[in-house]
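These notebook entries record what I looked up in one structure. I take the entries topic by topic.

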Amino acid sequence: MANVSAVISSIRNIMRQDRGISGDAQRLEQLGWMMFLKIIDDKDQELEVIKDKYVSVIPKKYQWRNWAANPEGITGDELLQFIDSNEAKNKGLFATLRNINSTDNPKRAMIVKEVFDGSNNYMKSGYEMRKVINKLNEIDFTKSEDKHIFGTIYESILQELRDAGNKGEYYTPRAVTQLMTQMTDPKLGNKVLDPAAGTGGFLTAAIDHVRGNYVKTVKDETTLQNSITGWELKPVAYVLGLTNLILHEIDIPDYHYIDSLKKEYNSIGKKDQVDVILANPPFGASIADGVETNFPATYRCKESADLFVILMLQLLKPFGKCAIVLPDGSITGDGVKARIREKLLTDCNLHTIVRLPQSTFFPAAVSTNLLFFEKGEPTKEIWYYEHRLPEGQKSYSKTKPIQFDEFKPLIKWWNNRKNSDVAWKVKVKDLNNWDLDIKNPNSIVEEIETTTVEVIADLKKSIDKSKIMLEEIEGLLE
């Protein structure tokens with residue numbers, strides 16, 4: 001196996017030489033569609049062997065194997081012409097794939113069309129592009145014996161998205177997606193949705209969870225294939241997420257390039273509702289003009305995370321389960337925010353809130369919470385659990401991200417809940433204006449006790465110093 005991180009690093013350095021690419025976002029978009037095309041062709045070749053009469057939806061001329069796989073293949077201006085041409089008689093790759101259709105496999109054709117509708121070729125040098133293609137060919141996505149290949153490549157890319165600053169919204173630490181999925185426990189046959197799916201982290205966690213615990217037969221696998229859905233608005237994240245699902249052996253991902261908040265709230269009926277929602281909705285993100293008018297007047301606002309809460313409540317089936325990430329700003333506040341929380345606590349049983357350290361979503365220094373709830377019965381009491389940084393660590397960082405092992409005490413506590421220095425229970429009737437920003441009462445006592453002990457110790461030191469000074473003065477006077 002090629003060292004994936006090294007390959008990605010080489011590609012980044014090659015792309016820096018190309019005058020057409022400006023910044024991380026364009027580089028990642030470029031890498032996204034190229035990787036997608038390689039991976040879907042690898043999968044097509046697998047399916048051609050396994051399934052009788054399987055035909056790829058991508059025309060032969062544009063299949064990766066026929067123009068990109070040979071390191072001595074087309075390059076320079078000829079390669080750029082092949083990618084970009086809009087001539088009627090000699091349509092390029094983009095013009096062809098943006099207008100693709102297939103009567104045999106319309107869903108797969110739609111996926112290809114959506115990817116190329118939302119992507120661009122920014123590279124201006126066909127020679128640099130050939131170098132990138134040859135580097136990508138060093139990665140063999142078909143070698144299933146190394147199941148970590150997609151994990152490695154996606155961690156590399158996601159970290160780059162995160163480190164690009166404004167792209168941090170796409171990145172939910174893997175430890176967090178794994179915890180939320182495990183505690184929600186989607187079963188075989190449950191419809192699972194992430195309406196703010198980013199690069200597909202929650203959906204791939206759900207696939208791994210269901211496959212690892214419930215899939216026993218080919219029929220079970222077919223059921224799983226048809227039960228995972230994602231929606232994503234940003235083109236770079238969409239292409240990466242789609243590719244991620246294909247790498248997770250989802251043949252035709254039910255993954256769409258749409259703005260979830262533009263869904264007509266009142267049009268969401270029983271057929272649209274799902275059993276499980278796992279999501280980290282964007283917060284602080286700007287919403288499209290007029291989007292809030294899709295929602296009932298009493299819940300209209302400009303904060304994307306708050307609108308997503310209302311949308312998810314509508315999308316859940318009765319007794320459906322949900323785990324979402326929300327910032328402190330969404331669990332407190334007056335007016336529309338309070339009304340949204342009132343609806344959440346009235347329509348659902350919000351049984352658990354896990355409070356995370358501020359640096360969990362590094363580099364975004366936002367205090368976040370994991371909310372776990374079930375639709376159908378109102379909340380009577382909420383358990384809070386404060387997840388603390390590992391001993392001796394002051395914050396999470398690029399080199400020291402949150403690890404799944406750190407959640408072991410929380411997982412042990414989950415099914416046998418007791419008050420402790422990190423866990424406490426609050427009755428809904430005691431909440432003020434549905435405010436969920438409840439600080440840990442046990443750690444406050446602890447802090448006061450610690451402070452008192454420290455003050456007494458300091459006083460003792462001062463008294464001891466004073467005694468010594470007095471003795472010295474007395475000695476001098478004598």
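Predicted model: local features only at pLDDT ≥ 70, side-chain atom pairs only at ≥ 80, totals over all residues.

I began with Trp-424, which counts as buried at 3% relative accessibility; buried means under 20% relative accessible area, exposed over 50% and partly exposed in between, with a 1.4 Å probe and protein chains only. Residues are numbered from 1 along each chain as its sequence is written, and side-chain values use heavy atoms, with hydrogens and water left out.

I then looked up ring pairs, for which the centres of Phe, Tyr and Trp rings (for Trp, the six-membered ring) must lie within 6.5 Å; planes under 30 degrees apart count as stacked, over 60 as edge-to-face and the rest as tilted. The count under this rule is 15 aromatic pairs. In one of them, Trp-33 and Phe-94 have ring centres 5.0 Å apart and planes at 85 degrees, so I noted the pair as edge-to-face. Trp-33 belongs to helix 2 and Phe-94 to helix 5 (residues 93-97), 61 residues apart, so I recorded a link between distant parts of the chain; helices (H or I, at least four residues) and strands (E, at least two) are DSSP runs numbered from the N terminus. Both Trp-33 and Phe-94 are buried.

Tyr-384 and Trp-424 form a stacked pair, with 5.3 Å from centre to centre and 10 degrees between the planes. This pair also links distant parts of the chain, with Tyr-384 in strand 8 (residues 381-386) and Trp-424 in strand 9, 40 residues apart. Tyr-384 is buried, at a relative accessible area of 0%.

I also found a cluster in which ring pairs link Trp-33, Phe-36, Phe-94 and Phe-116.

**Nonpolar cores**

Which residues have the most contacts inside the largest nonpolar core? They are Trp-33, Phe-36, Trp-67, Leu-93 and Phe-116, in a core of 86 residues. A nonpolar core is a set of buried Ala, Val, Leu, Ile, Met, Phe, Trp, Tyr and Cys residues joined through side-chain atoms within 4.5 Å. Helix 2 (residues 23-50) gives the most to this core, with nine residues. Another core, of 44 residues, lies apart from it and includes Trp-231, Phe-295, Leu-313 and Val-428.

I listed the contacts (heavy atoms within 4.5 Å) of Leu-93. Leaving out residues up to four places away in sequence, Leu-93 touches Trp-33, Leu-37, Tyr-62, Trp-67, Phe-82, Ile-83 and Phe-116.

I traced an open sheet of nine strands in the order 3-2-1-4-5-7-6-8-9, with mixed pairing. The edge strands are strand 3 (254-257) and strand 9 (423-427), each pairing on one side only. Neighbouring strands are turned by 15 degrees against each other on average, direction ignored. Axes here are lines fitted to C-alpha atoms, for helices over the stretch in contact, and angles run from 0 to 180 degrees between N-to-C directions.

Strand 7 (residues 368-375) has seven of its eight residues buried, so the rest of the structure largely encloses it. Strand 5 (residues 316-327) pairs with strand 7 in the antiparallel sense over seven bridges, where pairing requires at least two DSSP bridges between two strands. Here Pro-327 stands opposite Thr-368, and Val-325 has Leu-370 as its bridge partner. Strand 6 (residues 348-355) likewise pairs with strand 7 in the antiparallel sense over seven bridges, and Lys-375 is the bridge partner of Cys-348.

Helix 12 (residues 235-247) lies across strand 2 (228-232) and strand 3, and runs at about 170 degrees to strand 3.

**Charges over rings**

A charge sits over a ring if NZ of Lys or CZ of Arg is within 6 Å of the ring centre and within 35 degrees of the ring normal. The charged end of Lys-263 sits over the ring of Trp-231, 4.8 Å from its centre. Arg-417 lies over the face of Trp-414, at 4.5 Å from the ring centre.

**Whole chain**

I recorded 17 helices and nine strands in the protein chain. Of its 478 residues, 50% are buried.
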